Amino acid sequence: MKLLVTGGAGYVGSVCAAVLVEQGHDVTIIDNFSTGNRNAVPKRARLVEGNLEDKAAGVLSEGGFDGVIHFAAQSLVGESVEKPAQYWQKNLVATLGLLDAMRDNGVSNLVFSSTAATYGEPHTVPIVEDMPTSPTNPYGATKLSIDYAITSYAHAYGLGATSLRYFNVAGAYGDIGENREVETHLIPLVLQVALGHRDKIFIFGDDYATADGTAVRDYIHVRDLAEAHLLALETNQPGIHRIYNLGSGDGFSVKQVIDMCRNVTGHDIPAELAPRRAGDPAVLIASSDKIKRELGWNPKRTKLETIVRDAWEFTRELGDQAHSAKR
Ligand code: UFG
């Protein structure tokens, strides 16, 4: 298939692009490198550098595209609380432009990178797809608004689309992993402490209504996540918008994640309590039964230990490269 991957230099986007290329697809990536990495772009993919809103129409008008996987977005919960305007512009407005460019050029197969943050604070866990959506932060609100737009485009214009609501993506695939200039995610930060690149990890709040008081998340391996995108792309039907959760179905608290990182790395990893982070729900755990049942998604790396091990291997490799670059 000839595919457009927006945000294909980002963490999840580049793993997905790598898998697509490996499977023989013809991949064009649009990325502005605001958070992505140049060396994460697969060699055999074509790169169009720039903002989605400036590039999508031109690229799609070249013709022949069979589908779009849309990752490009601003995706930090805390930052979205501080800078909502940026999130509405870069997420909602840019995506509306992409949807119209797809429509103008007869491209009707879309996989959209969505998030558990669309649900907000769930009343019960695990979260199933038909639970109420009530985002607790602007990031989740922008992604939910896009889902509404996609549903209406499917009904009115025959778009075939799948929104994948990711829970907490982690791990690495070969030499692609979490490598952001400004890191805010728990597992890569904890591993940077293990590597000696940071002094300690801050635990954002220990007064949540959870067993140990710290927030609980469902961690999913990035390679399993990529697989779900391929399944979605291959099974989209014109006029239908499907929504699936993607998680491992197990919840781990911040303290449990830190302990797992201590076990895997063999390092002490000092931790210090800090206030809660704005916009953080207490517990997010997915039910992914729907995508398993309907698309036959079969995640293979569901253990937190596997996720942390792969992330650690990547982090160490990255640390070694940085070390040799300095010498
Ligand atoms: N945390 C800490 N200390 C840190 C960093 C994070 O205690 O230094 C805590 C957070 O407060 C949160 C948990 O670890 O309770 C996980 O935080 P992350 O920043 O790793 O991930 P989030 O849960 O905030 O968000 C991620 C993605 C979102 C997605 C969400 C869905 O970044 O895009 O998972 O579950 F919406």
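Let me begin with a term: a polar contact is a pair of N or O atoms within 3.5 Å, where within protein one atom must be able to donate a hydrogen and the other to accept it, and where residues adjacent in sequence count only if both atoms are side-chain atoms. With that rule, 19 residue pairs, both at pLDDT 80 or more, are found in polar contact across the interface of domain 1 and domain 2.

Please keep in mind that this is a predicted model, in which local features need pLDDT of at least 70 and side-chain atom pairs count only at pLDDT 80 or more, while totals for chains, interfaces and linings use all residues. Residues are numbered from 1 along each chain as its sequence is written, and side-chain values use heavy atoms, with hydrogens and water left out.

Now to the two domains. Domain 1 covers 2–167 + 220–246 and domain 2 covers 170–218 + 249–326, with bounds that come from an automatic or database domain assignment. Taken over C-alpha atoms, their centres are 23 Å apart. Counting a contact as heavy atoms within 4.5 Å, 40 residues of domain 1 meet 35 residues of domain 2. About 3200 Å² is buried between the domains, and carbon and sulfur atoms give 62% of that area; buried area here is the accessible area (1.4 Å probe) that two parts lose on being put together, summed over both.

How many salt bridges does the rule find across the interface of domain 1 and domain 2? There is 1, where a salt bridge is a side-chain nitrogen of Lys or Arg within 4 Å of a carboxyl oxygen of Asp or Glu. In the structure as a whole there are 15 salt bridges.

One of these joins Arg-301 to Asp-224, with 2.7 Å between the closest N and O atoms. Asp-224 counts as buried because its relative accessible area is 3%, whereas Arg-301, at 26%, is partly exposed; buried means under 20% relative accessible area, exposed over 50%, and partly exposed in between (1.4 Å probe, protein chains only).

A further salt bridge pairs Arg-276 with Asp-207 at 3.0 Å. These two are 69 residues apart, Arg-276 in the loop between β13 and α9 and Asp-207 in the loop between β8 (201–204) and β9 (216–217); helices (H or I, at least four residues) and strands (E, at least two) are DSSP runs, numbered from the N terminus. Asp-207 is exposed because its relative accessibility is 52%, while Arg-276, at 46%, is partly exposed.

Let me turn to the interior. A nonpolar core is a set of buried Ala, Val, Leu, Ile, Met, Phe, Trp, Tyr and Cys residues joined through side-chain atoms within 4.5 Å. The largest such core has 39 residues, and those touching the most other members are Val-12, Val-27, Leu-164, Tyr-166, Val-169, Leu-246 and Ile-291. Helix α1 (11–22) is among the elements that each supply at least two residues of this core, and α1 gives the largest share, 9 residues.

Leaving aside neighbours within four places in sequence, Leu-246 is in contact with residues including Leu-164, Tyr-166, Ile-291 and Trp-297. A second, separate core has 29 residues, among them Ala-194, Ile-201, Val-216 and Cys-261.
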